[in-house]
Amino acid sequence: MPAGLLELQDLRFAWPGSAHDCLDIAALQVAAGETVFLHGPSGCGKSTLLSLLAGVLLPQSGRVALGGVHWGDLRASARDRHRVDHVGYIFQQFNLLPYLTALDNVLLPCRFSTRRREAAARNQRSLRDEGQHWLAGMGLDASVWERPAHTLSVGQQQRVAAARALVGQPGLVIADEPTSALDEDRRDIFLDLLLSACDQARSALVLVSHDRRIAQRFGREVSLPQINRAAAAAEGGA
Amino acid sequence: MKAGFLLGLAWRSAWNRRFTLALTVCSIALSTFMLLGMERVRTDLRSSFSSAVSGTDLIVGARTGSTQLLLYAVFHVGAATNNIRWSSVEALQKLRGVAWVVPLSLGDSHQGFPVLGTTPAYFDHFRYGEQQPLTLREGRRFADLYDVVIGAELAERLGYRLGQRITLAHGMGEVQLGGDHADKPFTITGILARTGTPVDRTAHISLEALEAIHVDWTVGAPLPGRRIDAEQARAMDLTPRSVTAALVGLHNRAAVFSVQRQVNGFGAEPLMSILPGVALDELWDVVGAGEKALLLMSGLVALVSMAGLMSVILAGLNERRRELAVLRAVGAGPQHVLALLALEGMLLTLAGIALGIVALVAGVVASNPWLQANFGLTLHLGQTTPLQWLLLAGLLVAGWLASLLPGWRAYRLSLADGLSPRI
């Protein structure tokens, strides 16, 4: 198996003050450019796992490494830097700063990450062109690029968020229930655009959802309850 | 790299919440207005107060309280219980060390403005502020019996010009109890330049004129059946019989206590003399307690508005958790979040202070005529005091600190929330 982009080993995580582990995962790997569909029922710890993958939370024991760098080896500020350099993040909703234009929202990671800014420059485009490229890649018309984010529809906002996650081509895009606010048609269009954009950016995608109908679009499907030994233990105990 | 970007972001974020923040800015503006305004009023009150008379070594009057003597001799407020005889004034002149004596006679008024009977020497010797002499803006001193020289404020308020004829009323106050001296009108021959002292509100006539308008009066009322017209009065002996008080200047200030002793032990009638500076300080001590209370009050207003600033930012924090989480997700570190909130606090405080200063300038410009007319007080915007700068700096620091606390909380929240705020 090739060296993974994202490697997780013997991870155990419990929320502070909680007697039980929330997550207990033996191993999980994501290769560069791979698309992974992570599913599980509500409250099974999907968002917590994403926070661990993005180095927002640190596990009590075990390793989570992104691009060969173990999150736990970095200080808080270095984690912030490593995250913005290598991870694009899409939330369920409310992804954007409402007072910035769509384009300014897309360019935010380039303001904080030199690496993402330089990656954009390598495409021999100006920063704005790069932002517009990904907006167009997510099927957004030029007429909305300069509009304030709060005037956009929810579907448009999610596309802007996806463009922002991809700008500067980070190795990993994490999407936390990005389609839950969209109806079925828009969900399918959004996923088509997102998957082809990730392919173009050569970014791996880890997408979390409880909606298994979309699973077949992904390279791999992972069920969190199946790999989470803590959930099995809780169920066995019950 | 990001300082400019963060500033722009802070500005746009604040603009997005401008209606809530406007309230905070207004409350900071109010406390700036209160603090600086109070300090301005206090300073100018004190300086206009202590500049009311200078260059006079002693004020002499009948025995009374020193504050009372100061009030009627300098501020033309209140009334003397007793007058001093003209012979005493003449005797004062002959005391060793006395350079000049300017008698003052009060008791009449014109439309509520006090009338002062004095000698032409008044214009030579009276000083105010930093030893500044009186100057005539227009016209000349009184020369004829029925000439009057008016102060700048009086001229402005009543719209008087040179050559206009006015009549004086008996007694003080706008309600004329006694009656008037309509039979002996005065001609305005001079208008004094503004001094910012009670002189501005005073009509000056000669002692003889004051005598003339009262020749056919006795104990505060016209003598029935006896009318002496203005021209007849000219022929009479108009040497005053008594005056209210006298300003005394010495050849050598060092002699002031010896002259004071001589006056206080004057044989012919009971007199007292006061040092104007000492009496002014005594009077200010009485007024000063209120002034400190005002300063304390405006300090409390500032405190309340800082608490308001803090609570508005704190209350807004929950709705901003998403915004902060988005920023964290796109790579902003907690230090950026903290910087953003501190910048916002600084912007708010600066805007509030600027607004407060603008309001103060506008307020002072608008209210100066009214203050001058009603209180004889002119506020000087240009003259800043060290305390004013200190207050400004204090407001800035306090406002900024008040915004740091919510900033710190946001920092903690954004650390705890990670990338997905639990709202």
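Analyst: Helices (H or I, at least four residues) and strands (E, at least two) are DSSP runs, numbered from the N terminus. This is a predicted model, in which local features need pLDDT of at least 70 and side-chain atom pairs count only at pLDDT 80 or more, while totals for chains, interfaces and linings use all residues. Residues are numbered from 1 along each chain as its sequence is written, and chains are lettered from A and ligands numbered from 1 in the order in which they are written.

Strands of a sheet pair through backbone hydrogen bonds, either parallel or antiparallel. Two strands count as paired if DSSP finds at least two bridges between them. In chain A, 5 strands form an open sheet with parallel pairing, in the order E6-E7-E8-E3-E9. Its edges are strand E6 (87-90) and strand E9 (220-223) of chain A, each of which pairs on one side only. From one strand to the next, the twist averages 15 degrees; such angles run from 0 to 180 degrees between N-to-C directions, and the axes are lines fitted to C-alpha atoms, for helices over the stretch in contact.

Within this sheet, strand E3 (residues 35-39) of chain A runs parallel to strand E8 (residues 204-209) of chain A, and 5 bridges join them. Thr35(A) has Leu205(A) as its bridge partner in E8(A).

Helix H7 (residues 154-166) of chain A lies across E6 and strand E7 (172-176) of chain A, at about 170 degrees to E6(A). Contact here requires that the C-beta atoms of two residues, placed from the backbone, lie within 7 Å.

Glu177(A) lies in the loop between E7 and helix H8 (184-201) of chain A. Although Glu177(A) is not a glycine, its phi is positive, about 50 degrees. Arg202(A), in the loop between H8 and E8 of chain A, is likewise not a glycine and has a positive phi of about 55 degrees.

A residue is buried if 20 or more other C-beta atoms lie within 10 Å of its own, exposed if 12 or fewer, and partly exposed in between, with C-beta atoms placed from the backbone. Glu177(A) has 19 other C-beta atoms within 10 Å and is therefore partly exposed. Arg202(A) has 10 C-beta neighbours inside 10 Å, so Arg202(A) counts as exposed.
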